[in-house]
Amino acid sequence: MRILFNLPAEQCESICLAILRELPSWFGNEAPVLDYAQQCRTLPFWAAFDGEQAIGFVALKPHNAFTSEICVMGVLPAYHRRGIGRQLLATCEEYARQNSTRYLSVKTLADTHPSKSYAKTRAFYEAAGFVPLEIFPLHWDKDNPCLVMVKGL
């Protein structure tokens, strides 16, 4: 596996679309998928490859001089639990540190929602050192409460 940075904007968008569409338990609504893909065109973006196939990615959204957000991240289901997400996150964190970012945040579905898929997502981020900061029950909509998690770098 190799991780590449600074890919062409069109490739970032297509990788995001292809991978998120393989993750319907997390990204089953097409409108946000299209929005994420569009954002990936202009954000710092890393993609993991197995040979020529993109198998995972992460996009970082800088907010200010101190904080950046994991905007969107995904790994193909066949590659889950192989450390690819951890490696993508570590690469992203190193970039953030080199750019004087002090905190990373991520938005995910709160544990007040019964999703088993998002329970795995929260466990992934907790294992990586993120902690829950606050739930915003109406950030997305009343059926999808948003949990903001943070990590000091």
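A: Start with Ser-100, which sits in the loop between H3 and E5. Keep in mind that this is a predicted model.

Q: What is phi of Ser-100, which is not a glycine?

A: Its phi is positive, about 65 degrees. Ser-100 follows H3. With a relative accessibility of 52%, Ser-100 counts as exposed, because the cut-off for that class is over 50%.

Q: What does H3 connect?

A: Begin with the strands. E4 (residues 67–75) and E5 run parallel and are joined by four bridges. Thr-67 has Tyr-103 as its bridge partner in E5. The chain passes from E4 through H3 (residues 84–98) to E5, a β-α-β crossover that is right-handed.

Q: Which strand pairs with E5 in the antiparallel sense?

A: That is E7 (residues 144–152), through seven bridges. Tyr-103 has Gly-152 as its bridge partner in E7.

Q: Is strand E5 largely enclosed or left open by the rest of the structure?

A: In a regular strand the side chains alternate between the two faces of the sheet. Five of the seven residues of E5 (residues 103–109) are buried, so E5 is largely enclosed by the rest of the structure.

Q: In what order do the seven strands form the sheet?

A: The order is E1-E2-E3-E4-E5-E7-E6, in an open sheet with mixed pairing. E1 and E6 (131–141) are at the edges; each has a single partner strand, so one side of each lacks a neighbour in the sheet. From one strand to the next the twist averages 25 degrees.

Q: How many bridges join E2 to E3, and which helix packs on the sheet and touches both?

A: Six bridges join E2 to E3, and the two run antiparallel. One of the bridge pairs is Phe-49 with Ala-54, the latter in E3. H2 packs on the sheet, touching E2, E3 and E4, and its direction makes about 120 degrees with that of E4. H1 lies across E2, E3 and E4 too, at about 110 degrees to E3.

Q: How many residues does the largest nonpolar core have, and which have the most contacts inside it?

A: This core has 45 residues; Ile-15, Leu-20, Phe-45, Phe-57, Ile-70, Val-72 and Phe-130 have the most contacts inside it. The elements giving two or more residues to this core include H1 (9–20), H2 (30–40), E2 (45–50), E3 (53–62), H3 and E5. As an example, leaving out residues up to four places away in sequence, Val-72 touches Leu-20, Phe-27, Tyr-36, Cys-40, Phe-57, Val-58 and Ala-59.

Methods. Residues are numbered from 1 along each chain as its sequence is written. This is a predicted model: local features need pLDDT of at least 70, side-chain atom pairs count only at pLDDT 80 or more; totals for chains, interfaces and linings use all residues. Side-chain values use heavy atoms; hydrogens and water are left out. Buried means under 20% relative accessible area, exposed over 50%, partly exposed in between (1.4 Å probe, protein chains only). Two strands pair if DSSP finds at least two bridges between them. A crossover is right-handed if, with the strands pointing away from the viewer, the path from the first strand over the helix to the second runs clockwise. A nonpolar core is a set of buried Ala, Val, Leu, Ile, Met, Phe, Trp, Tyr and Cys residues joined through side-chain atoms within 4.5 Å. Contact means heavy atoms within 4.5 Å. Axes are lines fitted to C-alpha atoms, for helices over the stretch in contact, and angles run from 0 to 180 degrees between N-to-C directions.
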